[in-house]
Amino acid sequence: MAPSDFINRFSMQPHPEGGFYSSTYQASLLIPQHSLPNSFKGNRPVSSAIFYLLEHGDFSSFHRIASDECWHFYAGDPLWIHALAPDGSYTRTTLGPYEGMTFQYVVKAGTWFASEPAFGSNFSFVGCTVSPGFHFDEFEMATADRLISQYPTQASLITRLCRAPL
């Protein structure tokens, strides 16, 4: 299947961070706000899930959310997930079907991260499961200058994978 086939089949829409997505699940069971950390601004479903697609030349801009996010590889080509941990460390994980790659990867709550099709990839079709469930109230896009001040050794990566200017 071509990227447009996935976009059409799953009624995917442009995502603010880049790429395309469609919501596939939102649990009916809610966690009340008083039982969640202060970073949550309301009740949240226990879990939510999306399909997500990135094409060659596009990227998911550096952002962070208040929940853990489990990425799942489904189809297409390998995807790189770049993570900047609160302790200042950087990791790049490759989602994909080949030796040395993984089919799942969890980005911990509060971690700045971005993703892009790996070198030589045409597109990546993946899924993301978030718990507690995702809500745009806890979605924070990074600005390059803010991240560079915290992670100066990753300045070129940050500049390349941030949509918000310096």
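These legends describe close-up views of aromatic rings in a predicted model. Residues are numbered from 1 along each chain as its sequence is written, and side-chain values use heavy atoms, leaving out hydrogens and water. Local features need pLDDT of at least 70, side-chain atom pairs count only at pLDDT 80 or more, and totals for chains, interfaces and linings use all residues.

**View 1. Phe10 and Phe51 form a tilted aromatic pair.** Rings of Phe, Tyr and Trp (its six-membered ring) pair if their centres lie within 6.5 Å; planes under 30 degrees apart count as stacked, over 60 as edge-to-face and the rest as tilted. Here the centres are 4.6 Å apart, with 55° between the planes. Phe10 lies in the loop between helix 1 (3-9) and strand 1 (13-14), and Phe51 in strand 5 (residues 48-55), so the pair ties together parts 41 residues apart in sequence. Helices (H or I, at least four residues) and strands (E, at least two) are DSSP runs, numbered from the N terminus.

**View 2. Phe10 also pairs with Phe125.** The planes meet at 20° and the centres are 5.5 Å apart, so this pair is stacked. Phe125 lies in strand 12 (residues 123-131), so the pair ties together parts 115 residues apart in sequence. Phe10 is partly exposed at 22% relative accessible area; Phe125 is buried at 4%. Buried means under 20%, exposed over 50%, partly exposed in between (1.4 Å probe, protein chains only).

**View 3. Six residues form one aromatic cluster: Phe6, Phe10, Phe51, Tyr74, Phe123 and Phe125.** The structure holds 13 aromatic pairs.

**View 4. The charged end of Arg92 sits over the ring of Trp80.** It lies 4.0 Å from the ring centre. This label needs NZ of Lys or CZ of Arg within 6 Å of the ring centre and within 35 degrees of the ring normal.
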